[in-house]
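Biologist: Before we talk about any assignment, I would like to see the structure, and then ask what each description rests on.

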Amino acid sequence: MKKMRMIQAINEALTEEMARDSRVILFGEDVKISLFGDTRGLADRFGENRVRNTPISETVMTGAAVGAAAAGYRVVCHMMFANFLYTGFDAIANQAAKLRYMTGGQIRLPIVYMAVMGAGRSAGAQHSDVPYPALMNLGGIKVVVPSTPADAKGLLKASIRDDNPVVFLQPARRGGEQGDVPDGDIIVPLGVADIKRAGGDVTVVAIGAMVRTTLRAADQLAKEGVEVEVIDPRTLFPMDTATILASVRKTGRLVVVDEARTTCSAASEIAATVAEQAFDCLEAPILRVTVRDVAMPYSPPLEKLVIPDEQSVVDAVRKTLSTGRRSGTQRVTQ
Amino acid sequence: MNAMSSPDPDPAVALEMFQRMLLIRRMEERLGEVVTTGELPGPVHLCIGQEAVSVGVCAHLDDADWIASTHRGHGHFLAKGGDPEKMIAEIFGRETGICGGKGGSMHVADFSRGILGANGIVGGGIGIAVGAALAAQLDGQGRVAVAFFGDGGANQGVIMEAINLAAIWKLPLLLVCENNGFSEFSPTSTVTAGEIAKRAEPFGVPGIVVDGNDVLAVWRVAGEAVRRARSGAGPAVIEARTYRWRGHVETEKSFLSGPYREDDEIRQWQARDPLAAMERWLVSAGAMDPSALDRIRATVAATVDSAYTRPLSDAYPAGESAFQHMFA
Ligand SMILES: Cc1ncc(C[n+]2csc(CCOP(=O)(O)OP(=O)(O)O)c2C)c(N)n1
């Protein structure tokens, strides 16, 4: 076990996978100097053939990833900020997501499109999105969002070994936080959620940067005698709905905390699934804690207002406990 | 288009250009100082060393003409007549900012002055300028649109589409590439093949290389291209060769592991300071005596001081403004 930052864990995952498999290649804008530090040192270690700086040409980058993967490589295509996935969206949505299907399963496309996402740094609306809802709807793309250094490492290694296109989105505000990472070749399988905290009163599903926020809220609520179960899906597509449903069947209450805009957020998808499949277990309406349907504002007080925080999670949990079929309010004050 | 055949600017125009360049320089220098105090909420990209490009081009434009800018957009904003104080208020995230504090440095825009906005997406302004040029053509008032972009931006595919469409439709468009030697941290030569100006050639569009540190040269070349565009003869590509003195982003030393250029290279380009060159020309051409220079310096200093003073006591935007303006 070692303490490290998420960005170091990602760097380790890339280094290990490139060392393990000589067909893993990586390219992106300024990946040699590495803005975030996640690709630092890779060109020195693996050479300028396998690690390449690209021009600012997202359209061709995402397309070239498809071609190189179809021709037998495992491609890591670094998109820098997640908003630039939109610039390269055509090849992701029209090629990577569909080529295998359209060609009757003839090819495998082992691609990881990786990017840093999320708000909270006054980077402005074009550098702060969490674009996973749009990606989840493509169908042919796996969507991975880690919340801890250990998960980041294990999920990225699994993503690189996966034979399908994966978008790996690291929450910007988690890059610098330390966490324990187990030694050795850790793999966190895609499509498996993690229960970050066990509890019997309310299920809270939280994504990416929202996991830490939710765990803090859970600490606060525990002092009031409310035990929150915090679930991190880790992979948004395919989603481990079984873990979420099992938890809701136990608690009867669900809050979903998501940094995406409300409409068609990942939270919406999770809420719909639970409403469809566990309606009979629900004690209260499902609540979504999300970003209202606005572009991310620049000014710090506005940005802070828009992003879900600890208090908004606490409020939502209290609300779900105080409404519904059983007397939730009494339960809280017991 | 032969730049040499164009005359020198009137003394008044020349002085105005010098003053604009000085304003941009001093505004950006001050911003660089402010960054070190940690008071700025977001990232800023300074254009020090590149002032001659925006100023030389915008000297031919008025409020009815359009420009689309980049993440390194303060110079374009000021050269096109944007309000310095409102720009600074924006960068500080205040409600008095030109975008109400909701855009920040990378999104300063003033549509009333034909400033379609800086842009956080490299190449994002190019298509927008094509559309503005289309509107200008439809309006038939002789307006033009200018897209400023970097050498890095020249590698976005949209540039080919823009040149082609503007050529076919004979749009009144200037595509002005500020080749400042770097695409973020990559030297241009490592990510950009050939000559950017030559990318116009196959489309039958003039592609001109100009010394981007010589405001008079930029002014001449841009003047010719603007006249041509206004007359309905179609677009032009201008590649202005210049250099970025400061970092790609002001905070870059905090996250880069090492340097990506030689200090000596920076010094060499600083010796070719576009402001100093213009000052020498003004004096030698008799357009400006030392007292006029002092007056300009004092005016600029006062503008900069008030731009960096008044907004700081302005309020942050009210919370409800976070939920306004998504739809008309
Ligand atoms: C679509 C997109 N890709 C990448 C980036 C990240 N980025 C911001 S500025 C920049 C370099 C731009 O270089 P250039 O166009 O030459 O302009 P300069 O910074 O030199 O003014 C990059 C890669 C971005 N903002 N948008």
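Biologist: Where does Ser34(A) have its place in chain A?

Modeller: Keeping in mind that this is a predicted model, Ser34(A) is found in the loop between strand S2 (24–28) and helix H2 (42–46) of chain A. Ser34(A) has a positive phi of about 60°, although it is not a glycine.

Biologist: What is omega for the peptide bond that joins Phe237(A) and Pro238(A), and is that bond cis or trans?

Modeller: Omega is about -5° there, and the bond between Phe237(A) and Pro238(A) is cis. Pro238(A) itself belongs to the loop between strand S12 (235–237) and helix H10 (241–251) of chain A.

Biologist: What makes Arg108(A) and Asp163(A) a salt bridge?

Modeller: The closest N and O atoms of Arg108(A) and Asp163(A) are 2.7 Å apart, and the rule asks for a side-chain nitrogen of Lys or Arg within 4 Å of a carboxyl oxygen of Asp or Glu, so the pair qualifies. Over all chains, the structure holds 45 salt bridges.

Biologist: What area do chain B and chain A bury between them?

Modeller: The two chains bury about 2800 Å² between them, with 62% of it on carbon and sulfur atoms. In chain B, the residues that lose the most area to chain A are Ile121(B), Phe323(B) and Met326(B), which together account for 20% of what that side buries. Counted by contact, 39 residues of chain B meet 34 residues of chain A.

Biologist: Is the crossing in which H4(B) passes H11(B) left-handed or right-handed?

Modeller: The crossing is right-handed, and the axes of helix H4 (residues 84–91) and helix H11 (residues 290–309) of chain B come within 8 Å and cross at roughly 35°. Pro84(B), Glu85(B) and Ile88(B) of H4(B) make the contact with Thr303(B), Ser306(B), Ala307(B) and Tyr308(B) of H11(B). By class, that contact has four nonpolar, two polar and one charged residues.

Notes. Residues are numbered from 1 along each chain as its sequence is written. Chains are lettered from A and ligands numbered from 1 in the order in which they are written. This is a predicted model: local features need pLDDT of at least 70, side-chain atom pairs count only at pLDDT 80 or more; totals for chains, interfaces and linings use all residues. Side-chain values use heavy atoms; hydrogens and water are left out. Contact means heavy atoms within 4.5 Å. Buried area is the accessible area (1.4 Å probe) that two parts lose on being put together, summed over both. Axes are lines fitted to C-alpha atoms, for helices over the stretch in contact, and angles run from 0 to 180 degrees between N-to-C directions. Helices (H or I, at least four residues) and strands (E, at least two) are DSSP runs, numbered from the N terminus. A crossing is left-handed if the near helix is turned anticlockwise from the far one by less than a right angle, and right-handed if clockwise. Ala, Val, Leu, Ile, Met, Phe, Trp, Tyr, Cys and Pro count as nonpolar, Asp, Glu, Lys and Arg as charged, and the others, Gly among them, as polar.
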